[in-house]
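Please look over the sequence and the model before reading the points below.

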Amino acid sequence: MTHHILVVDDEPDVEMLIMLKFRREIAQGDYVFSFASNGADAYEKVKASSDIDVVLTDINMPEMDGLTLLAKLNALDYPPKTVMVSAYGDMKNIRAAMNKGAFDFVTKPINSEDLLITLTRSLKATEQERGNRTRLKQAQLQLVQSEKMSSLGQMLAGVAHEINNPVNYVYGNLKPARDYVEELTELIELYQQHYPRPAPEIQNYIEEVDLDFLQEDLAKLLDSLEMGATRIRELVLSLRNFSRLDDSEKKAVDIHVGIESTLVILNGRLKGTAETSKINVIRDYGTLPLVPCHSSQLNQVIMNIVGNAIDAFEECAGEGSTPQAAAPLAGEALSKTIKISTEVREGWARIVIADNGPGMEQETIDKLFDPFFTTKPMGKGTGLGLAISQQIITEKHGGRLSCQSTPGMGSEFVIALPL
């Protein structure tokens with residue numbers, strides 16, 4: 001890691017001295033130094049750059065002295081560590097600086113070994129502080145994400161319950177309705193056999209309503225009603241499966257049911273809109289045993305990965321480019337495609353989610369599971385989806401989550417769960 005240190009001093013020889021004393025660390029890429037001749041210039045540099053780790057500042061300077069600079073820096077949201085530099089006879093200012101929040105101090109003439117120790121200590125404190133902030137922010141966002149998923153699960157469970165009852169009324173009455181229609185049809189046919197010449201009024205009405213067509217179409221109408229009710233029941237079941245709250249213990253579940261439930265939730269984005277084309281989903285399911293897991297958490301991981309693939313297609317479409325056939329989808333059409341495969345390999349249940357989207361550079365793949373890393377525009381992503389997904393798979397399930405991708409050739413995520 002390269003550390004950025006801002007040196008603030010009005011003496012022109014200080015820059016040459018610092019560059020000379022730290023030439024080895026600079027050559028190795030450990031340190032990068034920038035310089036300012038007064039506090040006002042230094043303050044603007046800190047505000048303009050978020051990567052300054054330590055400010056090494058003199059106290060007595062024109063325009064803005066070191067104590068004033070220290071006060072202005074400490075008013076920032078995340079101020080860098082400040083090390084004050086002053087002569088032995090200026091201990092009063094040193095004490096004032098330490099009381100105002102300076103991290104440490106060195107005295108002039110500067111001893112290079114003492115300065116190196118002080119900088120090392122300051123940088124270590126900076127790294128610890130940033131790490132604590134990152135962990136706190138990650139924990140906060142994970143709590144928010146967990147609360148969102150819990151709220152989503154409760155909402156979906158409530159919606160599924162409310163839909164389920166009226167659908168069951170419809171579905172439960174379809175069979176007796178069909179039986180009644182068949183019986184009435186048989187009754188009409190009996191009348192036609194025994195009274196082949198009905199009254200003119202009846203004959204006119206038979207022709208008016210087109211009785212033959214009515215009898216034929218009524219059966220089709222009941223078939224359509226049954227098909228629609230069945231589809232709604234399947235949707236309700238998918239919502240209930242997706243929203244199922246996990247117990248503390250893992251349960252052996254059918255992973256394919258979870259995948260299908262997740263795809264139902266994402267169906268609105270997969271089928272396309274006026275602005276986006278349809279995304280084809282290819283299923284290549286192998287024979288899997290029931291897999292011990294926390295099913296709703298696994299559904300969340302699958303939703304994150306498939307959702308990211310959809311986002312990538314949408315961004316690709318926004319740039320006006322056409323996805324190429326990815327290596328895992330070789331032989332498939334060039335239309336937007338997500339392929340989900342499952343298999344058992346060497347004691348692991350594997351879920352492979354591949355797409356033929358724009359793909360990623362290796363630099364992006366290396367950071368893919370880092371908290372807060374995102375390639376999405378501001379406001380479209382927190383950068384926590386894949387970080388949480390990896391945590392769910394590795395820590396909660398003892399599994400593995402990996403990614404392979406090539407620019408222009410799509411991406412492939414592999415979820416491996418121990419059996």
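Contact here means heavy atoms within 4.5 Å. The model is predicted. Its average pLDDT is 82, and 85% of the residues score at least 70. Residues 320–327 fall below 50, yet this stretch has 18 contacts in the model beyond near neighbours in sequence.

**Nonpolar cores**

- The largest nonpolar core has 37 residues, and Leu298, Ile338, Ile351 and Ile415 have the most contacts inside it.
- Elements giving two or more residues to this core include helix H9 (255–265), strand S9 (337–345) and strand S10 (348–355).
- Helix H11 gives the most, with 9 residues.
- Leaving aside neighbours within four places in sequence, isoleucine 338 is in contact with residues including Leu270, Ile279, Val306, Phe313 and Ile353.
- A second, separate core of 15 residues includes Ile18, Leu56, Val106 and Leu123.

**Salt bridges**

- The structure holds 12 salt bridges.
- Arginine 283 pairs with glutamate 260, with the closest N and O atoms 2.6 Å apart.
- Because arginine 283 lies in strand S7 and glutamate 260 in helix H9, the pair ties together parts 23 residues apart in sequence.
- Lysine 220 and glutamate 216 form a salt bridge (3.6 Å, N to O); both lie in helix H8, 4 residues apart, about one turn of the helix.
- Arginine 350 and glutamate 343 form a salt bridge with closest N and O atoms 2.8 Å apart.
- Arginine 350 counts as buried at 18% relative accessibility, whereas glutamate 343, at 26%, counts as partly exposed.

Methods. Residues numbered from 1 in each chain as written. Predicted model: local features only at pLDDT ≥ 70, side-chain atom pairs only at ≥ 80, totals over all residues. Heavy atoms only, no water. Core = buried A, V, L, I, M, F, W, Y, C linked by side-chain atoms within 4.5 Å. Buried < 20%, exposed > 50% of the residue type's maximum accessible area, 1.4 Å probe, protein only. pLDDT = per-residue confidence, 0-100. Salt bridge = Lys/Arg side-chain N within 4 Å of Asp/Glu carboxyl O.
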